[in-house]
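Here are a few friendly notes to read with the model open beside you. Take them one at a time and find each part as you go.

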Amino acid sequence: MTFFTELGRYLLMIKGMFSKPENMKVYWKEFMHQCNDIGIGSLGIVVIISVFMGAVSAVQTAYQLVSPVIPKSTIAQIVRDTVILEFAPTLVCIVLAGVVGSKIASELGNMRVSEQIDALEIMGINTKAYLIMPKVAAALVVIPMLVVISGVLGIWGGRLAGVASGILSAAEYDKGLLASFFAYNVFFALTKAYTFAFIISSIPAYYGYYVKGGALEIGRSSTKSVVVSCVLILFADYILAALLL
Amino acid sequence: MQIIYWLLYYYNNNNEAGSGAAIEQPLRRTLQQLVVYAAVKSSYQFVLMIEVKNIIKGFGDKIVINDVTATMQTGKCNLIIGTSGSGKTVLMKCLVGLFEPDKGEIVYSGQSFTAMSEEERKELRQQIGMLFQGSALFDSMTVEQNVMFPLDMFTKWSFPEKLKRVNEVLDRVNLKDANKKFPAEISGGMKKRVGIARAIVLNPKYLFCDEPNSGLDPQTSLVIDKLIKEITIEYNITTVVNTHDMNSVMEIGDNILYMYQGQKEWEGTNQEIIFSKNERLNSFIFASEFLQDAKDMRMLEMKGKIDNNRDMDDMMK
């Protein structure tokens with residue numbers, strides 16, 4: 001199948017998501033269920049990654065800043081900006097592409113193979129709207145929240161590691177955090193988070209929804225969805241950086 | 001239909017009230033003719049619930065369904081039988097709209113399904129129930145939630161009302177004390193019964209069953225067949241069953257459609273199938289020697305040459 005056929009089918013799937021819900025209450029319930037699955041389900045891994053990501057960046061920045069002319073509080077500035085601009089949105093979203101993306105693709109793929117999607121279609125339910133829309137909407141709500149949490153924990157992790165290893169004092173770190181802060185960076189991080197959230201939810205949904213075959217194909221589509229999502233995240237990361245910075 | 005009711009009402013009222021003189025004679029006659037036509041037309045539609053007209057469906061170069069025309073009747077079990085790859089499942093998927101036929105028309109109670117918009121189809125589909133080969137129950141939901149799902153989606157009933165209806169249909173399919181179990185915790189036969197309960201919970205007009213007996217033991221298969229037959233008569237619905245099971249053919253086949261290499265090879269009832277001279281059909285239905293003997297025996301019984309209450313010991317001699 002050519003690239004353009006796949007792209008066309010993906011766009012038609014996105015278009016098909018937007019229709020009047022058969023019953024708003026059921027859709028809302030599904031949306032909340034997805035928010036819980038994507039948000040609470042991924043919180044643990046996001047917390048672990050974020051703390052270590054901040055800690056490592058603090059230690060490695062200190063290792064590279066050998067000049068005595070540069071104040072130590074600069075380490076905090078670098079950690080802050082790196083975490084907000086790149087690590088929190090991009091790294092966390094790449095991890096989420098694996099965690100959430102594979103779950104979405106395998107869930108929908110299993111539903112397709114076991115004819116559950118056909119059963120919904122025959123009931124008169126728009127399966128794209130009922131199965132995909134709540135996932136995409138939940139990802140758009142929850143993933144930016146996870147990115148914000150990740151940013152905060154990353155900066156806190158840097159402080160923890162910096163102070164614990166004696167690189168700089170807590171006061172120096174706090175001073176550095178407040179110096180030359182641009183609120184625009186947070187806006188940029190959130191723009192990336194929303195873009196990546198859409199990719200993380202819609203690409204695996206596409207691969208899962210249109211899977212054909214059996215268990216082997218579900219595994220393959222799940223892997224493919226994660227790979228494609230990661231590549232698209234990196235591509236979108238570059239485009240957004242080029243456009244917005 | 002509303003016009004028909006209005007005409008019937010108008011006609012009856014004028015007759016009962018004895019006010020016929022108020023209506024001019026030609027107008028009265030025309031009205032009478034219209035009422036008769038509408039009544040005949042409506043009864044015709046109710047009898048011929050699903051019509052398949054010259055359906056052609058292919059995938060790539062391969063034509064899977066080739067010019068099939070058939071009628072699925074109301075209140076009867078309409079069976080589609082045939083060897084693997086004969087196009088039974090594709091025909092059923094065309095009937096329910098999961099596949100779009102390349103040519104031809106499918107008509108539900110006088111309404112062309114093929115010409116319907118997506119919204120009209122969605123409305124019609126609420127009158128369709130389907131039992132899938134693998135039951136297609138939602139894994140993450142309990143039996144009760146599975147059966148309640150169509151009610152959640154399409155009704156505004158309160159929870160106690162929905163629960164009452166769920167228990168009614170679960171009771172109807174002889175499934176008790178399984179409400180809180182998940183599909184993974186119940187047997188294949190129970191899954192089929194949950195599938196049937198979910199299919200009939202909205203009181204459908206059409207019931208489709210794709211190989212309802214696959215993977216079931218003969219005894220459970222008979223229970224499922226009996227249930228499908230009973231529900232068809234009780235709800236007066238049009239049931240279409242796709243099957244390989246010869247027991248089903250003989251037990252519930254009110255109207256049988258035999259498919260061979262994508263074409264309709266034979267059509268008739270389970271009584272007629274015994275006497276059919278169609279070689280392809282005979283070699284499919286009575287494939288084994290045992291079944292051939294059973295057929296011969298049944299033919300003799302039906303012709304009255306063997307007593308139904310025959311003494312088997314005498315026969316063995």
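1. Start where the two chains meet: the contact takes 13 residues from chain A and 16 residues from chain B. Two residues are in contact if their C-beta atoms, placed from the backbone, lie within 7 Å. On the side of chain A that touches chain B, helix 4 (residues 116-123) of chain A gives the most, with six residues. That side has five nonpolar, four polar and four charged residues.

2. A word on the source: this is a predicted model, where local features need pLDDT of at least 70 and side-chain atom pairs count only at pLDDT 80 or more, while totals for chains, interfaces and linings use all residues. Residues are numbered from 1 along each chain as its sequence is written, with chains lettered from A in the order in which they are written.

3. Now look inside chain A, where the axes of helix 1 (residues 3-17) and helix 5 (residues 127-164) come within 8 Å and cross at roughly 95°. The two helices of chain A are therefore roughly perpendicular (65 to 115 degrees) to each other. Here A:M13, A:G16 and A:M17 of helix 1 meet A:K128, A:A129, A:I132, A:M133 and A:V136 of helix 5. These contact residues divide into six nonpolar, one polar and one charged.

4. Next, find helix 3 (residues 73-113) and helix 8 (residues 215-244) of chain A, which pack at an angle of about 145° with axes 8 Å apart. Among the residues making this contact are A:G98 and A:G101 of helix 3 and A:S225 and A:D237 of helix 8. By class, the contact has nine nonpolar, 11 polar and one charged residues.

How values were computed
Axes are lines fitted to C-alpha atoms, for helices over the stretch in contact, and angles run from 0 to 180 degrees between N-to-C directions. Helices (H or I, at least four residues) and strands (E, at least two) are DSSP runs, numbered from the N terminus. Ala, Val, Leu, Ile, Met, Phe, Trp, Tyr, Cys and Pro count as nonpolar, Asp, Glu, Lys and Arg as charged, and the others, Gly among them, as polar. Angles under 35 degrees count as roughly parallel, over 145 as roughly antiparallel, 65 to 115 as roughly perpendicular and the rest as oblique.
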